[in-house]
Amino acid sequence: METGPDTGGWLDDTRASYDTIADSYADLTRHLLDETPAERSILAMFADMVRARGGGTVADVGCGPGRITAHLRQLGVDAFGIDLSPGMIEAARREHPGVRFDLGSMTDLALAGASMAGLVAWYSLIHVPDEEISRVFAHFRRVLRPGGPLLLSFHVGDESQLKTQGYGGHPMKLFVHRRRPGQMIAWLTEAGFAVETCRTLTSAESKLGGIILARRQVTGWF
Ligand SMILES: C[S@@+](CC[C@H](N)C(=O)[O-])C[C@H]1O[C@@H](n2cnc3c(N)ncnc32)[C@H](O)[C@@H]1O
């Protein structure tokens, strides 16, 4: 799998960490959306936006065990998942038989240009270092149809923390990057997106969550 430059080894560390915790992550998050009505409401808004533009395929990038992919499918969206971690892809296929889940990295999305009606990255940009964000957003823009919606969630804050264990005490080695909504909006605008909605909320994990709904600009300088 081609994943692009990785000078700090963060992709390898992220992949290995999520391989280690895939099964417990799936167990701990399986019913989490039941407890997060604000998240469900914005996912419903995103599904409406996809349908309003005639539907089509939606990529859930960094899908983990596929809980958001499956929820979007329940909302009538033709969603499939992509994840860096083979363990997560295995868990997603087991949790949601018959749904498409592909191994891949958001740093090098193997999808055709303008082939996606929408794209979701739900708490998966949190491990991408600042210097790689513009590369990732350029891929998101390339694969989205003009006007197609992009839905992001992230942890709000300033600091980056090394996480050494999680999801039941399993060993992990990866960075979690918190970001200010203003910084996310600036990166998205530079990448050719128009931001429509930005919310902050307290998630079921009791962490401050940020959610941004944007669209690929229909026209512009790209
Ligand atoms: C916190 S989990 C979120 C999973 C899922 N979106 C959810 O909300 O349950 C982060 C996920 O992002 C994936 N991920 C991290 N970096 C990635 C990358 N460069 N490309 C694709 N997936 C990535 C991880 O493997 C992991 O499954």
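Here are a few questions and answers about a predicted model of a chain with a ligand.

Reader: How many helices and strands does the chain have, and how compact is it?
Author: The chain has six helices and nine strands. Its radius of gyration is 16 Å, close to the 17 Å from the globule rule for 222 residues, so the chain is as compact as a globular protein of that length.

Reader: Where does the ligand sit, and which helix gives the largest share of the shell around it?
Author: The ligand sits in the largest pocket. 19 residues surround the ligand, with Tyr 25, Gly 62, Arg 67, Asp 83 and Trp 122 the closest. Five residues of that shell, the largest share, come from helix α1.

Reader: Which ligand atom does a polar side-chain atom of Asp 83 lie 2.6 Å from?
Author: Polar contacts here are pairs of N or O atoms within 3.5 Å. For Asp 83, the 2.6 Å pair is with an oxygen atom of the ligand.

Reader: Which residues bring backbone atoms to a nitrogen atom of the ligand, and how much of the ligand does the protein cover?
Author: At Leu 84, a polar backbone atom is 3.3 Å from a ligand nitrogen. Met 106 has a backbone N or O atom 3.0 Å from a nitrogen atom of the ligand. Of the 600 Å² of accessible area that the ligand has on its own, the protein covers 99%.

Methods. Residues numbered from 1 in each chain as written. Predicted model: local features only at pLDDT ≥ 70, side-chain atom pairs only at ≥ 80, totals over all residues. Heavy atoms only, no water. Near = heavy atom within 4 Å. Polar contact = N/O pair within 3.5 Å; in protein donor to acceptor, adjacent residues only side chain to side chain. Areas by Shrake-Rupley, 256 points an atom, 1.4 Å probe, with all protein chains shown as cover. 1 Å grid on protein atoms, 1.4 Å probe; cavity = no way out; pocket = protein on both sides within 12 Å on 5 of 7 lines; lining within 4 Å. Sits in = over half its atoms within 2 Å of the grid points. Helix = DSSP H or I, 4+ residues; strand = E, 2+ residues; numbered from the N terminus. Rg over C-alpha atoms; globule rule 2.2 N^0.38 Å.
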